[in-house]
Amino acid sequence: MTNPSAQPPRLLDRVRGRLRVKHYSLRTEEAYVHWIKRFIHFHDKRHPIDMGGPEVERFLTHLAVDGQVSASTQNVALSALLFLYREVLGVELPWLTDVTRAKKPKRLPVVLSMTEVQALLRVADGVPGLVLRLLYGSGMRLLEGCRLRVKDIDLERGEILVRDGKGAKDRVTVLPRSLVTPLRAQLERAHALHESDLAVGGGEVWLPDALARKYPAAACSWMWQYVFPAPGLSRDPRSGVVRRHHIEDQQVQRAMKRAVRAVGLSKPATPHTLRHSFATHLLEGGQDIRTVQALLGHKDVSTTMIYTHVLNRGGLGVLSPLDRAGL
């Protein structure tokens with residue numbers, strides 16, 4: 001029997017619930033809820049069910065023209081609103097033809113030279129420094145490195161299995177031999193931390209919902225633990241469960257920023273720059289582009305081709321006429 005006094009869930013709670021059913025990440029959930037709130041406030045708090053395509057077009061155009069947001073930001077806002085209407089309200093929006101699109105600049109990636117990478121990684125120490133070396137040595141994205149689990153790293157074979165990467169794809173990439181010893185030491189530290197958590201009734205790690213339900217004991221097993229665990233416990237914002245998470249990506253970003261400053265680098269380098277440098281240096285070393293594509297996890301080789309444009313800059317593919325003139 002239903003409770004007549006029970007209130008139906010609020011719109012944003014319905015959005016969160018649907019995102020979790022479809023296993024969207026917490027960051028995506030936060031971003032979608034943010035843009036749905038912005039959309040509602042932009043239209044004087046009208047309920048989205050009373051609005052449609054024209055209102056969505058006006059909001060997205062406002063973001064591009066008045067807000068001057070980037071193309072990627074506008075696309076996130078669009079994805080959030082499409083999710084709201086399609087998945088929560090059950091409404092298919094008409095094709096949005098009158099939206100003023102933010103222009104997406106065509107930029108080449110920032111790439112460091114081998115000398116610059118060496119200088120950076122020499123001054124980056126501690127666990128964040130080890131993560132940075134792993135990013136450069138394997139081509140992983142920042143969050144892929146932070147979220148790495150014990151079961152997905154094979155020190156003997158020199159392989160890393162990247163689970164649920166961009167586009168929800170798994171892939172295998174290289175584990176640098178020079179990192180086997182420091183990674184083995186890191187695993188020993190992580191294992192000791194896990195054992196101390198177990199001793200006081202903890203030791204649980206976050207698992208995807210389906211796995212957590214099917215294998216309830218797996219959350220406390222060693223193989224599912226993070227290679228780079230956080231130094232302290234934290235509360236899961238969704239479930240409220242207190243557990244040990246992985247190292248924060250901001251901690252690695254700050255370590256990179258300090259290293260860039262310490263060596264006096266003039267390029268705007270971030271942890272993702274190490275991924276670009278990984279790909280470029282492999283191609284410079286004669287590795288075929290299909291192999292690099294597989295290591296990076298690119299769906300289409302055209303995405304990987306951008307690094308060939310980087311190779312053709314400066315003295316790597318073109319002889320300057322000034323040099324030919326001998327001036």
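Residues are numbered from 1 along each chain as its sequence is written. In this predicted model, local features need pLDDT of at least 70, side-chain atom pairs count only at pLDDT 80 or more, totals for chains, interfaces and linings use all residues, and side-chain values use heavy atoms, with hydrogens and water left out.

Me: Why are α1 and α2 called roughly antiparallel?
Reply: Helix α1 spans residues 11-21 and helix α2 spans residues 26-42. Helices here are DSSP runs of H or I with at least four residues, and strands are runs of E with at least two, numbered from the N terminus. The axes of α1 and α2 come within 10 Å and cross at roughly 150°. Axes are lines fitted to C-alpha atoms, for helices over the stretch in contact, and angles run from 0 to 180 degrees between N-to-C directions. Angles under 35 degrees count as roughly parallel, over 145 as roughly antiparallel, 65 to 115 as roughly perpendicular and the rest as oblique. The pair is therefore roughly antiparallel.

Me: Which residues make the contact of α1 with α2?
Reply: From α1 come L11, L12, V15, R16, L19 and R20; from α2 come E29, Y32, V33, I36, K37 and I40. Contact means heavy atoms within 4.5 Å. By class, this contact has 8 nonpolar, no polar and 4 charged residues. Ala, Val, Leu, Ile, Met, Phe, Trp, Tyr, Cys and Pro count as nonpolar, Asp, Glu, Lys and Arg as charged, and the others, Gly among them, as polar.

Me: What makes R16 and D13 a salt bridge?
Reply: The term needs a side-chain nitrogen of Lys or Arg within 4 Å of a carboxyl oxygen of Asp or Glu. In R16 and D13 the closest N and O atoms are 3.2 Å apart. The pair therefore meets the cut-off. R16 and D13 are 3 residues apart in helix α1, so about one helical turn separates them. The whole structure holds 19 salt bridges.

Me: Why is α6 called oblique to α8?
Reply: Helix α6 (residues 126-138) and helix α8 (residues 180-199) pack at about 135°, with axes 11 Å apart. That angle makes α6 oblique to α8. V127, L130 and L134 of α6 meet P182, L183 and Q186 of α8. This contact counts 5 nonpolar, 1 polar and no charged residues.

Me: Which residues join α5 to α10, and at what angle do the axes cross?
Reply: Helix α5 (residues 114-123) and helix α10 (residues 249-263) cross at roughly 115°, and their axes come within 9 Å. A119, L120 and V123 of α5 touch M256, A259, V260, A262 and V263 of α10. The residues divide into 8 nonpolar, no polar and no charged.

Me: How do you know that β4 and β5 pair?
Reply: Two strands pair if DSSP finds at least two bridges between them. β4 (residues 229-235) and β5 (residues 242-246) share 4 bridges, in the antiparallel sense. The pair therefore meets the definition. S234 stands opposite R243 in β5. The two strands form a hairpin with 6 residues between them, and G240 in the turn has a positive phi of about 80°.

Me: What makes β1 and β3 edge strands?
Reply: β1 (153-154) and β3 (171-174) each pair on one side only. The open sheet has 3 strands in the order β1-β2-β3, with antiparallel pairing. β1 and β2 (residues 159-162) pair over 2 bridges. D154 has E159 in β2 as its bridge partner.
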